[in-house]
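Hi everyone, thanks for coming. Let me put the structure up, and then I'll walk you through a few parts of it.

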Amino acid sequence: MLPVAGESRQAAIMNQREQMEQRGQWKITVWEEENFQGKRCEFMLECPNILDRDFQKIRSIKVDNGPWVGYEYPEYQGQQFILEKGDYPCYQAWSGNSSYRTEHLLSFRPIKCANHSDSKITLYECEDMMGRKFEMCDDYPSLQGMGWCSKEVPSMKVNSGA
């Protein structure tokens, strides 16, 4: 890696080392069938659409490093499931006691710890990011206390951070 103009060789080496360390923080292996059968692939970075990798679906997962979030649909859409280190031989393992179950996942990405001063989320009054909205970039112990009229948040968008 060559230094960028104005960047010292040592700074370039440190930047490269940081990128390599960051890649090593996350590792997930996915299989197309339950019980770790069928086509498999390892990832250290996000996968917005497993269909682009000639998979039909993900039916079993092994998380080696880092927390991940798996999504029901491509492009990080639909129901989401937190995947911590461990084995997930079938959909019941990642959906747990949730009333919502999906038998496959189609996209996933690592959960990167963020500097929460950079975090921002937008809450919406209606599904599909419609209706009144409220942007938050701090902790709020009570949504009603800040003026949110409902006890529910039908949809939200994480703009940055975690």
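In what order do the four strands form the open sheet? The order is β2-β1-β3-β6, with antiparallel pairing. Here strands are DSSP runs of E with at least two residues, helices are runs of H or I with at least four, both numbered from the N terminus, and two strands pair if DSSP finds at least two bridges between them. Because β2 (37-43) and β6 (86-88) each have a single partner strand, they stand at the edges, and one side of each is left without a neighbour in the sheet.

Before I go on: this is a predicted model, where local features need pLDDT of at least 70, side-chain atom pairs count only at pLDDT 80 or more, and totals for chains, interfaces and linings use all residues. Residues are numbered from 1 along each chain as its sequence is written, and side-chain values use heavy atoms, leaving out hydrogens and water.

Back to the sheet: five bridges join β1 (residues 27-33) to the antiparallel β2, and Thr29 stands opposite Glu42 in β2.

Next, Leu83. Setting aside residues up to four places away in sequence, Leu83 touches Ile28, Ile61, Trp68 and Leu105, among others; contact means heavy atoms within 4.5 Å.

Last, a loop residue: is Asn49 buried or exposed? Asn49 sits in the loop between β2 and β3, and is buried, with a relative accessible area of 13%. Buried means under 20%, exposed over 50%, and partly exposed in between, using a 1.4 Å probe and protein chains only. Beyond its neighbours within four places in sequence, Asn49 contacts Pro74, Glu75, Leu106 and Ser107.
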